[in-house]
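Trainee: Could you go through the side-chain contacts in this one with me?
Mentor: Gladly, let's bring it up and start with the charged pairs.

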Amino acid sequence: MIRSLYTAATGMNAQELNVSVISNNLANVNTVGYKRSRPEFQDLLYQNLRLVGTLSENGNQVPTGAQLGLGTKTSAIQKIFLQGDFAQTQNTLDMAIQGRGFFQVAQADGTIAYTRSGSFKLDNSGQIVTADGLTMEPAITVPPDAITISIDPQGSVAATQPGATAPTVLGTIQTATFQNEAGLQSIGSNLFVETDASGAAAVGNPGVDDRGTLQQGFVELSNVSVVEELVSLISAQRAYEVNSRTVQTSDEMLQIANQMKR
């Protein structure tokens, strides 16, 4: 009975974490480029009460044995990199990636971070930056007298200036892909950094190899489905409830056992 108390406690802890992941997904339902997370669980160690394949008292082989599980634990919280819906903004520096790939931005320490959030701005020097002022890589500077800015699906950025008969090409946006996107580390502010698990970034122009193409004037919305998360929330709540009932039942059984001494 004491064992069942600890086993039920692992289930309650797991569902508490499950609800935390769901709440984070729901909190970011309107975060541009956000990718939902999904917790995964594993069963804990087993106590062998009777080993499989051993011989019984009459010399016959035991076909199944008796193993008692000791609960559950969290094995992973995985990012799901499914494509989110697009929303048209008509902002010339908003971009969405159709397909695989990440925008590159330079962090304050010079290292590169990656993001699916394509809501970019201009800073006071004309460089394309994120909402936090991080410069897009490779850096592209827009002249102050630019009338229009156009970005084609292959990442070429061009600006029309007064008196010019044709747009001036300012540079090309490059995107990065990874062998294992789920191995990227989230660092907040819609940013990821590469790890040994993700593999090194493969950088190149959009539309080449398996890199997606760019859509100017759109942003990629969060891929969180509110309905799906609410269903998961109800399921987690019920699972927590039944685990708590296991604790209550075990406690009642202990009380019965104690009363047997009287």
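Mentor: A salt bridge here is a side-chain nitrogen of Lys or Arg within 4 Å of a carboxyl oxygen of Asp or Glu. In this predicted model, the side chains of R38 and E40 meet that definition, with N to O at 2.8 Å.

Trainee: And how many salt bridges are there by this rule?
Mentor: The count comes to 10 salt bridges.

Trainee: Are R38 and E40 buried or partly exposed?
Mentor: R38 counts as partly exposed because its relative accessibility is 35%, and E40 is also partly exposed, at 27%.

Trainee: What does R116 pair with?
Mentor: R116 forms a salt bridge with E220, the closest N and O atoms being 2.9 Å apart. R116 lies in the loop between β8 and β9 and E220 in strand β20, so the pair ties together parts that are 104 residues apart in sequence. Both R116 and E220 are buried, and K35 is linked with them in a network of salt bridges.

Trainee: Switching to rings, how many aromatic pairs are there?
Mentor: The count is seven aromatic pairs. One of them is F102 with F178, edge-to-face, at 5.9 Å centre to centre and 70° between the planes. F102 is in strand β7 and F178 in the loop between β15 and β16, 76 residues apart.

Trainee: Why is Y114 with F178 called edge-to-face?
Mentor: Their planes are at 85°, with the ring centres 4.9 Å apart, so the pair is edge-to-face, given that planes over 60 degrees apart count that way.

Trainee: Which residues form the aromatic cluster?
Mentor: F81, F102, Y114, F178 and F192 form one cluster; within it, F178 counts as buried because its relative accessibility is 2%.

Definitions and conventions: Residues are numbered from 1 along each chain as its sequence is written. This is a predicted model: local features need pLDDT of at least 70, side-chain atom pairs count only at pLDDT 80 or more; totals for chains, interfaces and linings use all residues. Side-chain values use heavy atoms; hydrogens and water are left out. Rings of Phe, Tyr and Trp (its six-membered ring) pair if their centres lie within 6.5 Å; planes under 30 degrees apart count as stacked, over 60 as edge-to-face and the rest as tilted. Helices (H or I, at least four residues) and strands (E, at least two) are DSSP runs, numbered from the N terminus. Buried means under 20% relative accessible area, exposed over 50%, partly exposed in between (1.4 Å probe, protein chains only).
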